Amino acid sequence: MERKDVIKQIDKILRTKCDVCEMKKLPGYRKSSSNRLSHYCINECEVGQKIQGMSVKLNDTLPRNMRKGQSA
């Protein structure tokens with residue numbers, strides 16, 4: 001799968017699922033720092049976990065010298 005396709009899939013998920021997420025509308029999550037909401041998305045939300053898995057694919061498509069923690 002190409003990098004561009006992975007980015008398009010992540011964007012589609014963010015627009016269709018995350019933008020209408022009920023957790024974002026809850027008062028405790030909306031007014032608190034974004035850490036609380038991002039912690040929920042990464043650890044408990046199925047959609048967030050799917051996006052996180054796709055980000056691994058996205059990182060695998062980068063050339064070795066452009067990956068995080070690698071020097072050029």
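The protein chain holds 4 helices and 0 strands, and from the N terminus on its elements follow the order α-α-α-α. Please keep in mind that this is a predicted model.

**Confidence in the model**
- Averaged over the protein chain, pLDDT comes to 78, and 72% of the residues score at least 70.
- Among the elements of the chain, H1 has the highest mean pLDDT, at 90.
- The lowest mean pLDDT among the elements, 65, belongs to helix H2, which covers residues 27-31.

**The chain as a whole**
- The protein chain has 72 residues, and 21% of them count as buried.
- Take the contacts between residues at least 6 apart in sequence: 49% of these join residues at least 24 apart.

**How H1 meets H4**
- Helix H1 spans residues 3-18 and helix H4 spans residues 46-60.
- These two helices pack at an angle of about 165°, and their axes lie 10 Å apart.
- An angle over 145 degrees counts as roughly antiparallel, so H1 is roughly antiparallel to H4.
- The crossing of H1 past H4 is left-handed.
- On the H1 side, the contact is made by Arg3, Val6, Ile7, Gln9, Ile10, Ile13, Leu14, Lys17 and Cys18.
- H4 brings Val47, Lys50, Ile51, Met54, Ser55 and Leu58 to the contact.
- Sorted by class, the residues in this contact are 10 nonpolar, 2 polar and 3 charged.

- Glu2 sits in the segment before H1.
- Glu2 counts as exposed because its relative accessibility is 57%, and the cut-off for exposed is over 50%.
- Glu2 and Leu58 are 56 residues apart in sequence, yet their C-alpha atoms are 8.4 Å apart in space.
- Ile7 belongs to helix H1 and is one of the residues that H1 brings to the contact with H4.
- Ile7 counts as partly exposed, because its relative accessibility is 41%.
- From Ile7 to Leu58 there are 51 residues along the chain, while the separation of their C-alpha atoms is 7.6 Å.
- Leu58, the partner in both of these distances, is itself among the H4 residues in the contact with H1.

Terms used:
Residues numbered from 1 in each chain as written. Predicted model: local features only at pLDDT ≥ 70, side-chain atom pairs only at ≥ 80, totals over all residues. Heavy atoms only, no water. Axes fitted to C-alpha atoms, helices over the stretch in contact; angles between N-to-C directions. Parallel < 35°, antiparallel > 145°, perpendicular 65-115°, else oblique. Left-handed = near helix turned anticlockwise from the far one by under 90°. Contact = heavy atoms within 4.5 Å. Nonpolar A, V, L, I, M, F, W, Y, C, P; charged D, E, K, R; others polar. pLDDT = per-residue confidence, 0-100. Buried < 20%, exposed > 50% of the residue type's maximum accessible area, 1.4 Å probe, protein only.
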